[in-house]
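Thanks for coming. I will take one structure today and go through a few parts of it in turn. Please have the sequence and the model open while I talk.

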Amino acid sequence: MQEYELKVLEQYDVDVKGTRKTRGAFFCDTDQGLFLLKEAGISEKKVPALYKLGEALKEAGHAEIDQILPNKEGGYISVSEEGGRYMLKHWYFGRECDIRRSRELSQAVKNLAKLHLIMVAPTEEFVFQESNLKNIYESHNRELRKVRKFIRGRTVKGDFELQFLKEYDSLYEWADAAVCELAASAYDGLYADSIVGNYLVHGEYNYHNVLMTQEGIATTNFEKFRRNVQMEDLYYFLRKSMEKHGWNVHLCDCMLNAYSAIRPISDREMEYLKVRFIYPEKFWKIAGSYYRSNKAWISVKNVEKFQTAVTQTEEKRKLLREIFEYSL
């Protein structure tokens with residue numbers, strides 16, 4: 001641990017017995033248990049709301065979260081001599097949720113459902129509001145058309161560009177279908193109710209942020225929390241899981257049932273999930289990554305990623321048909 005990072009710990013009323021490096025942070029063994037020291041990737045304006053959210057979750061009985069520990073001056077962010085901004089957070093002995101184990105995935109979505117029941121108007125502090133999904137998808141589709149126009153104009157085209165043009169029409173059909181389905185859905189009312197009702201999402205609920213401990217599940221890294229339709233969290237977790245399980249219909253159905261057994265999913269929310277699954281998100285991400293990259297050299301890995309996006313889009317057909325009764 002660097003000297004300036006050790007000095008940051010002096011700003012806290014804890015007795016540090018030892019530290020060890022982990023992914024982008026440091027574990028700190030103290031007289032008050034295990035903590036994690038990490039750089040604060042969050043604005044000063046949002047930190048008080050993050051702390052109050054943590055307190056609200058704990059008061060509601062959801063104690064296993066990585067709540068921020070205030071420093072000796074009562075602040076949530078500590079600044080090092082080098083100017084770095086740090087947070088010290090409660091942490092847990094455990095391991096990340098194993099995405100290969102269906103039982104743990106079901107436990108994780110149950111945990112998410114319990115969080116969502118609590119994460120409704122728990123703080124009056126500033127909370128970022130997610131943009132309307134209609135605007136997001138329209139922007140995404142403009143980007144896709146822009147990338148296609150750019151590639152068409154290239155004199156010399158490599159494997160990636162040739163494959164992109166070959167598959168573009170079929171993949172863009174999915175993107176356009178998602179926009180049409182969204183326009184015909186009850187999304188506007190669902191979004192408005194979520195914003196006005198101050199419904200919060202975790203913002204990055206994936207298996208990395210779900211720790212399996214002896215005491216149960218601990219949920220971490222709420223820094224991207226914001227007001228939005230709560231199904232965004234469930235969609236994100238389901239998509240990440242489905243990508244690892246070949247879009248297994250039975251597993252998806254089990255996870256939806258596990259969540260809805262605790263927090264019932266409304267018709268509007270199921271409609272929202274359907275639209276999110278229709279949109280070829282991986283295709284859009286790869287196209288954007290290509291456009292922002294050094295286009296003089298495209299790695300074989302990027303070509304493979306694009307082919308995976310094509311394959312997974314086709315694999316989704318069965319899931320959309322059997323779970324959401326939708327066919328393209």
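**Phe160 and its surroundings**

Leaving aside neighbours within four places in sequence, Phe160 is in contact with Ile286, Tyr290, Ile298, Asn302, Val303 and Phe306. Before I go on, note that this is a predicted model. Where does Phe160 lie? It lies in helix H5. Is Phe160 buried or exposed? Its relative accessible area is 2%, so Phe160 is buried, the cut-off for that being under 20%. For a sense of distance, take Cys252: Phe160 and Cys252 are 92 residues apart in sequence, and from C-alpha to C-alpha they are 32 Å apart in space.

**Helices H4 and H5**

Staying with H5, let me turn to a helix that packs with it, H4. H4 covers residues 133–152 and H5 covers residues 159–184. The angle between them is about 160°, and their axes are 10 Å apart. That angle is why H4 counts as roughly antiparallel to H5. The crossing of the two helices is left-handed.

Which residues of H4 meet H5? Among them are Leu133, Tyr137, Leu144, Val147 and Ile151. On the H5 side, the residues include Phe164, Leu165, Tyr168, Tyr172, Val179 and Leu182. Charged residues take part as well, including Arg145 and Arg148 in H4, and Asp169 and Asp176 in H5. By class, the contact of H4 with H5 has 14 nonpolar residues, one polar and seven charged.

**The five-stranded sheet**

Next, the strands. As a general point, strands of a sheet pair through backbone hydrogen bonds, either parallel or antiparallel. Here, five strands form an open sheet, and the pairing is antiparallel. In what order do the strands come? The order is E1-E2-E3-E5-E4. Strand E1 (16–22) and strand E4 (78–79) stand at the edges with a single partner strand each, so one side of each has no neighbour in the sheet.

**The three-stranded sheet**

There is also an open sheet of three strands, in the order E6-E8-E9, again with antiparallel pairing. Strand E6 (95–96) and E9 are at the edges; each has a single partner strand, so one side of each is left without a neighbour in the sheet. Strand E8 (residues 210–213) is joined to E9 by four bridges. One of the partners is Thr213, which is bridged to Gly216 in E9. Helix H3 (residues 102–118) packs on this sheet and touches E6, E8 and E9, and its direction makes about 60° with that of E9.

**Phe222**

My last stop is Phe222, in the loop between strand E9 (216–219) and strand E10 (226–227). Phe222 is buried, with a relative accessible area of 4%. What does Phe222 touch, not counting residues up to four places away in sequence? The answer is Leu50, Leu53, Leu57, Ile65, Asp66, Leu115, Met119 and His202. From Asn209, Phe222 is 13 residues apart in sequence and 8.8 Å apart in space, C-alpha to C-alpha.

Methods. Residues are numbered from 1 along each chain as its sequence is written. This is a predicted model: local features need pLDDT of at least 70, side-chain atom pairs count only at pLDDT 80 or more; totals for chains, interfaces and linings use all residues. Side-chain values use heavy atoms; hydrogens and water are left out. Axes are lines fitted to C-alpha atoms, for helices over the stretch in contact, and angles run from 0 to 180 degrees between N-to-C directions. Angles under 35 degrees count as roughly parallel, over 145 as roughly antiparallel, 65 to 115 as roughly perpendicular and the rest as oblique. A crossing is left-handed if the near helix is turned anticlockwise from the far one by less than a right angle, and right-handed if clockwise. Contact means heavy atoms within 4.5 Å. Buried means under 20% relative accessible area, exposed over 50%, partly exposed in between (1.4 Å probe, protein chains only). Two strands pair if DSSP finds at least two bridges between them.
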